[in-house]
Amino acid sequence: MSGADRWTSTSMPYVTPRAEGQGDAWAEEAAARGREGTQRILFAGEVPAAEEPAALLGLAAGEPVVVRRRIIELDGRPCELTDTYYPVGIARGTPLAATAKIRGGAAALLARLGHTGSRVIEDVTAGLPTPEERDRLELASGQPVLRLARQILDARDRPIQADLMTMPAHHQRLRYEMRIG
């Protein structure tokens, strides 16, 4: 596989509110590398929380949450499946619960609503995709995926967002940069 096929992903642009007038973080990141980054919103609205997103949001399974389900694309090909969950007390009746693109991104909208992330926790695992994930990501049988579960907490350690992402392992590299002290 050539280096051009592998994508190095960092989380910071997606958890930090963007300045007024800035465009889509994914489109800008891809464009900076000479590529085209797009996303399709498959669904947005309220659903009963499954076990994993409920736990990340500090809720009981089955409680209502707002979810935005997206296919992230690079140069017209699917490269990531992302489901983003919000507590209904934060997202109900906002653009987070609708399928339209959010001007400035979700982190900026959350900040405008008074919910700013202060701490991010991410867990990464690897495994085989479900048949639906394999079809949506256009993977061959037996190709593994990386799963990233992200929890965003505010300054009082209250969960304000949870992301569940699935990415083809053979095209993805995750990079984490931390400051100490």
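Buried denotes under 20% relative accessible area, exposed over 50%, and partly exposed the range in between (1.4 Å probe, protein chains only). By this scale, R147 counts as partly exposed at 24% relative accessibility. The model is predicted: local features need pLDDT of at least 70, side-chain atom pairs count only at pLDDT 80 or more, and totals for chains, interfaces and linings use all residues. Residues are numbered from 1 along each chain as its sequence is written, and side-chain values use heavy atoms, with hydrogens and water left out.

**Sheet**

- β2 is joined to the antiparallel strand β3 (residues 64-74) by 11 bridges, and R40 has I71 as its bridge partner in β3.

**Salt bridges**

- The whole structure contains 11 salt bridges, each a side-chain nitrogen of Lys or Arg within 4 Å of a carboxyl oxygen of Asp or Glu.
- In the salt bridge of E133 with R147, the closest N and O atoms are 2.8 Å apart.
- This pair links distant parts of the chain, with E133 in helix α6 (residues 131-136) and R147 in strand β6 (residues 145-153), 14 residues apart; helices are DSSP runs (H or I, at least four residues).
- E133 is buried, at a relative accessible area of 13%.
- A network of salt bridges links E122, R150 and D163.

Conventions
Pairing = 2+ DSSP bridges. Helix = DSSP H or I, 4+ residues; strand = E, 2+ residues; numbered from the N terminus.
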